[in-house]
Amino acid sequence: MKNKKISIRVIFPVVMSASIAACIISCILLFSYYFSTYFQKDAIEKIGKQRDFLAQSLETQIENINVLINRIYYQNIKKYDVDSARFAEEMEQQIFLEEKCLYGLALYDIDGESIWHSGTFAEQEDAKEMAWFLQAKENIETISYGRRRLVRPQEDSYAFEISRYVEYIKDGNMRSGILLMEYYTDSVDEILSHYRNQKSAYCYLLDDQKNMLYHPFDKEIASGLYKEKTIESALSCKNYRIEKADGQQWLIEGQQIGYTGWNMVVVNSMDSLVLESHNLHYLVWFILLLIGVILIFLDTLVFHNFTNPIYRLLRTMEKFGKGDYNARAQEEGIGELKNVSIHFNIMADKLQEQMEEIRRNEREKQKMEKKLLQSQINPHFLYNTLDSIIWMIRSEEYDGAGEMVSLLAKFFRISLSQGKDMITLEKELEHASSYLAIQNIRFKDKFEFHVDADPELLKYFCPKLSIQPLLENAIYHGMDGMYEDGEIEIRIYEKNGDIKIDVSDNGPGMTQEKIDYIMHNKVVSSKRGSGIGVCNVNERIQLIYGKNYGITISSELDEGTVATITIPKMEEMDEQ
């Protein structure tokens, strides 16, 4: 059996390693076969995207030029008489504002006679014979883009001749004419110069007459050191063309720019692209081989580290299932196996915590019940009440003493309730009213109390002695310093399907610190009280109904205090 295990541990990794090696070699061969075609297609797509980006940028710039010449036409030429001083001022102001891109402006009538031109603009003789004039005259609905012209020889600065048909005002009459705008080529040159512009990758721009508007090797072409041989091929191809020239394969892509008649041409050497592909080719080979080595290593590692953690985890689960709740899995292994161990430990911790919480709640409940039985009746309350009765008898206040004895009997009868911890709201309210009546007699009508209860809710059950601690708090804290104008109100009503019991007073109110003291001190230390603390009652309610129920206290200084008990609707069957 041992030899069989050893053979499996040896054979399985070898088979897996051989399979991985075969897959890697197959991937390399397939990659080599399909790589050339894929890379050529990918290169054409990438260069096409670059071409489209350049063309879009040029069209955006053309749109800006159109906006400028139209603004000059509609806001100046068509608005002011050409013989007025305002016309000349507005035109010169326009040139001044656009001086970085605008070389000059000129306005001619339909017969080619000059009407107005800017100071930097050289008046052209025989304007009506110029290409820009004829194009604008023949195409009155569009803006014509002509050749480029050297305007500042000392700065080697060029400008495009851009013209359009216009209507101008002269002597109050509308007349036809041609507007010529010479626009610096810098913005267009800057867009095209963003391309690589090397001998093996560059772009250039032609007008509709095949005249060169931009070329990165303008100076070499002008000096005869370089000749562009791709013009005819670029203009004849619809999308792209691959042709051989000077012993190299060239990828030529052309793109017409809007309605200007311009053609942008992108030229790339396929040899340089292939050189880049070779480097990528070798890199992919190396990556595939590295992946193969890593996979073989991981295969061996996983195989030798997978089975043992599984069996250890199973043994841990068996211990936990047999009652050993302290058993925990070793968080080892790889991948999902380690996650299973971690989540098993999390589950075990939560289950153990829940069981401990259940035990703790049961112990606390038993402890609270014992405390309640021990502290339900404080001897001081009984002593003070009996002392008041004796004092009333000696004062011959027999009626008051008799009433007080009757109320005290009712108070203790309901307090005992045959040992039951749950009584109806009707009984609880009767108990609270007896307590208030006793205290009112003792304190010589220092306060008045009112009860407002929904009769439909009095049949539901609540924990015994829930309201009395709130009344104690209202008397000994709320009525302190009050003289014959104190008010205490008990209100029982329904809200959001739960029962609300409000005990409110019009006393001086309490600070938040005092509220926190009352809510967190389980037994009242004062000798005047009954000994059942507000916090004690709150914990009893939460033990019975859950954390969503209990007592809340809100108070404002000089306004009074409201203590609210929230309990669910519970009938006698629910208690059982």
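The model is predicted.

Salt bridges were counted across the model. The count comes to 12. One of them joins the side chains of arginine 51 and glutamate 253, with an N to O distance of 3.3 Å. This pair links distant parts of the chain. Arginine 51 belongs to helix α1, which covers residues 2-77. Glutamate 253 belongs to strand β9, which covers residues 248-257. Arginine 51 and glutamate 253 are both buried.

A further salt bridge is formed by the side chains of aspartate 83 and lysine 170, at 3.0 Å from N to O. The cut-off for exposed is over 50%. Lysine 170 has a relative accessible area of 22% and is likewise partly exposed. Here the cut-off for buried is under 20%.

Another salt bridge lies within a helix. Glutamate 90 pairs with arginine 86, and their closest N and O atoms are 2.9 Å apart. Both residues are in helix α2. They are four residues apart, which is about one turn of the helix. Glutamate 90 is partly exposed, because its relative accessibility is 22%. Arginine 86 is also partly exposed, with a value of 42%.

Salt bridges also form a network. Its members are Arg147, Arg149, Glu161 and Glu182.

The surface was examined for nonpolar patches. A patch of about 880 Å² is made by Leu283, Phe286, Ile287, Leu290, Ile291, Ile294, Leu295, Phe297, Leu298 and Leu301. Phenylalanine 297 is one of the residues in this patch. The residue is found in helix α7, which covers residues 270-321. Phenylalanine 297 has a relative accessible area of 53% and so is exposed. This value is set against the cut-off of over 50%.

Key:
Residues are numbered from 1 along each chain as its sequence is written. This is a predicted model: local features need pLDDT of at least 70, side-chain atom pairs count only at pLDDT 80 or more; totals for chains, interfaces and linings use all residues. Side-chain values use heavy atoms; hydrogens and water are left out. Patches are made of residues with over 30% relative accessible area and no salt bridge: like charges are joined within 9 Å, nonpolar side chains (Val, Leu, Ile, Met, Phe, Trp, Tyr) within 5 Å. Accessible areas come from the Shrake-Rupley method with a 1.4 Å probe; for residues, only the protein chains shown count as cover. A salt bridge is a side-chain nitrogen of Lys or Arg within 4 Å of a carboxyl oxygen of Asp or Glu. Helices (H or I, at least four residues) and strands (E, at least two) are DSSP runs, numbered from the N terminus. Buried means under 20% relative accessible area, exposed over 50%, partly exposed in between (1.4 Å probe, protein chains only).
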